[in-house]
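Hi,

Here is the structure I promised to send over. Have a look at it first, and then read on for what turned up in it.

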Amino acid sequence: NTVQTSSGQILNWNGVAVGASGVNFSSLQSTASVAGDAINLTGVSGGTFNGGAVTVAGTSAGGDGIEINASGATFNFASATVSATAGNGILLSGANGAVTFTTVTINNTALAGIRIDNNTNAVNVNGGSIGATNDPTGVGVDINGGTGAVTIAASVAKTTAGNVVQVSGRTAGTVAFSGSLSATGSVANGIDVSGNSGTAVINFSGSKTLTTGANTAVNLASNTGATVNFTGGGLAITTTSGTGFNATGGGTVTATGTGNTITSTTGTALNVANTTIGATGLTFQSISSNGAVNGIVLNNTGASGGLTVTGTGTTAGSGGTITNSTGDGISLTSTQNVSLTNMNITNSQGNGILGNSVNGLVLNRDTVSGNGNSTSGNGEGNVYLFELTGDASHLTTFNNLTVSNAYVHNVFI
């Protein structure tokens with residue numbers, strides 16, 4: 001079974017019940033722009049709908065390429081090639097049955113490439129690309145609410161404003177991005193995960209390249225109870241005045257694997273505040289800033305995991321350079337298991353490293369010099385640590401640490 005139109009709507013099913021033997025199409029196609037949704041499936045119940053290969057050449061009048069709304073049937077598509085829509089490429093709204101796309105190719109959408117609202121059953125996009133040749137004007141993948149599992153294995157690319165990925169309002173279930181994510185162009189198009197709660201889990205396991213200029217590259221805000229994991233390495237963040245990696249207001253966050261880097265100029269490279277670092281920790285090969293208020297801030301990060309900056313082998317400076325900070329270069333408050341290797345922390349107007357209530361601090365082959373500009377109180381300098389503790393599971397060691405030219409003290413504990 002096939003349906004092909006020029007500019008006519010391909011399918012408009014409202015309140016249709018699919019029989020036990022299902023509905024099977026080998027292809028659904030429009031060859032010109034359709035006024036409204038090219039495919040609209042609303043209130044479709046019953047058995048399995050197999051849509052085969054879908055091609056949508058464009059829509060107008062705010063139309064989506066494919067919209068599935070409040071439909072309890074099960075939906076399978078071999079492929080979906082959608083471009084030039086006046087709305088979303090694919091919109092999945094409400095308590096649908098399970099929806100699976102084997103592969104997608106989505107480009108040049110006026111709204112999101114894929115938008116998923118309040119799903120209660122699984123959504124699987126098992127491959128393909130979004131924005132590979134002409135990125136969505138809106139969000140690449142926009143997920144709002146819901147408890148059903150979501151798997152996005154397609155690559156997602158953005159070069160214009162609008163987040164490459166946005167996840168909000170989830171209360172349970174796992175959202176998993178395994179395709180590569182690319183947000184470039186120095187605009188507001190990074191990853192935003194905000195306002196999730198309950199037992200929601202959001203995982204990013206593919207490569208993640210984010211160049212967002214004056215805008216935050218990774219923003220994780222107010223995710224109380226939720227967990228956000230960056231696995232597999234390959235998280236490469238570059239900003240100017242924007243914060244590189246920002247996690248605030250609750251929840252648990254981890255970043256593991258090799259090759260994770262943050263490079264900023266006047267934006268804070270890493271900020272984790274009132275958010276738990278998970279047991280597997282935050283691991284970066286290098287973290288750098290130049291002229292930020294603080295290069296790294298850890299504040300009230302829980303008792304599960306910590307921050308590790310590895311550098312590369314024994315290469316001096318390969319862990320990054322925090323320089324010319326207008327406050328403390330690295331600010332550590334009520335945190336644990338911080339390990340900094342092969343880093344340069346220089347020329348901060350405050351302290352190079354300021355720690356308050358840190359349980360476990362390893363400084364290995366770091367150079368800390370020229371920090372501080374005040375003699376008030378205890379003064380300022382290179383390494384200032386208050387209420388520093390450690391034990392067998394929270395190591396505190398300084399190895400091959402080079403400190404020099406502090407304004408007052410090189411090391412004050």
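A word on terms before the details: helices (H or I, at least four residues) and strands (E, at least two) are DSSP runs, numbered from the N terminus. Please keep in mind that this is a predicted model, in which local features need pLDDT of at least 70 and side-chain atom pairs count only at pLDDT 80 or more, while totals for chains, interfaces and linings use all residues. Residues are numbered from 1 along each chain as its sequence is written, and side-chain values use heavy atoms, with hydrogens and water left out.

The overall picture

The protein has 49 strands and 0 helices. Along the principal axes, its C-alpha atoms fill a box of roughly 80 × 35 × 35 Å. Of the 413 residues, 53% are buried; here buried means under 20% relative accessible area, exposed means over 50%, and partly exposed is in between (1.4 Å probe, protein chains only). A contact means heavy atoms within 4.5 Å. Among contacts between residues at least 6 apart in sequence, 77% join residues at least 24 apart.

As for the surface, the protein exposes about 13,800 Å², and carbon and sulfur atoms supply 48% of that area. Accessible areas come from the Shrake-Rupley method with a 1.4 Å probe, and for residues only the protein chains shown count as cover.

Charges

There are 5 positive and 12 negative charges, and their mean positions are 8 Å apart. Lys and Arg count as positive and Asp and Glu as negative, with His and the chain ends not counted; each charge is placed at NZ of Lys, CZ of Arg, CG of Asp or CD of Glu.

How many salt bridges does a search of the whole structure find? The search finds 1, a salt bridge being a side-chain nitrogen of Lys or Arg within 4 Å of a carboxyl oxygen of Asp or Glu. R115 and D117 form a salt bridge, with their closest N and O atoms 2.9 Å apart. R115 is partly exposed at 30% relative accessible area, whereas D117 is buried at 11%.

I202 sits in strand β28 (residues 201–204) and is buried, at 0% relative accessible area. Beyond its neighbours within four places in sequence, I202 is in contact with V167, V175, V193, N196, T227, V228 and N229. From I202 to G173 is 29 residues in sequence and 8.6 Å in space, C-alpha to C-alpha.

Strand β35 (residues 261–263) holds T261, and I262 is in strand β35 too. T261 is buried at 18%, and I262 is buried at 0%. Not counting residues up to four places away in sequence, T261 touches L235, A236, I237, F284, Q285 and S286. With neighbours within four places left aside, the contacts of I262 include I237, F284 and S286, along with G244, F245 and A269. I262 and A214 are 48 residues apart along the chain, and their C-alpha atoms are separated by 14 Å.

Loops

G234 is in the loop between β31 (227–230) and β32 (235–239) and is partly exposed, at 27%. Leaving out residues up to four places away in sequence, G234 touches S207, K208, T258, G259 and N260. Its C-alpha atom and that of S369, 135 residues apart along the chain, are separated by 30 Å.

Most residues other than glycine have a negative phi. N324, which is not a glycine, has a positive phi of about 60 degrees. N324 lies in the loop between β41 (321–323) and β42 (330–341) and is partly exposed at 36% relative accessibility. E387 also has a positive phi, near 55 degrees. E387 is placed in the loop between β46 (383–386) and β47 (397–399). Is E387 buried or exposed? E387 is exposed, with a relative accessible area of 63%.

A nonpolar patch

F398, V411 and I413 make a nonpolar surface patch of about 260 Å². Patches are made of residues with over 30% relative accessible area and no salt bridge, with like charges joined within 9 Å and nonpolar side chains (Val, Leu, Ile, Met, Phe, Trp, Tyr) within 5 Å. V411 belongs to strand β49 (residues 411–412) and counts as partly exposed, at 36% relative accessibility.
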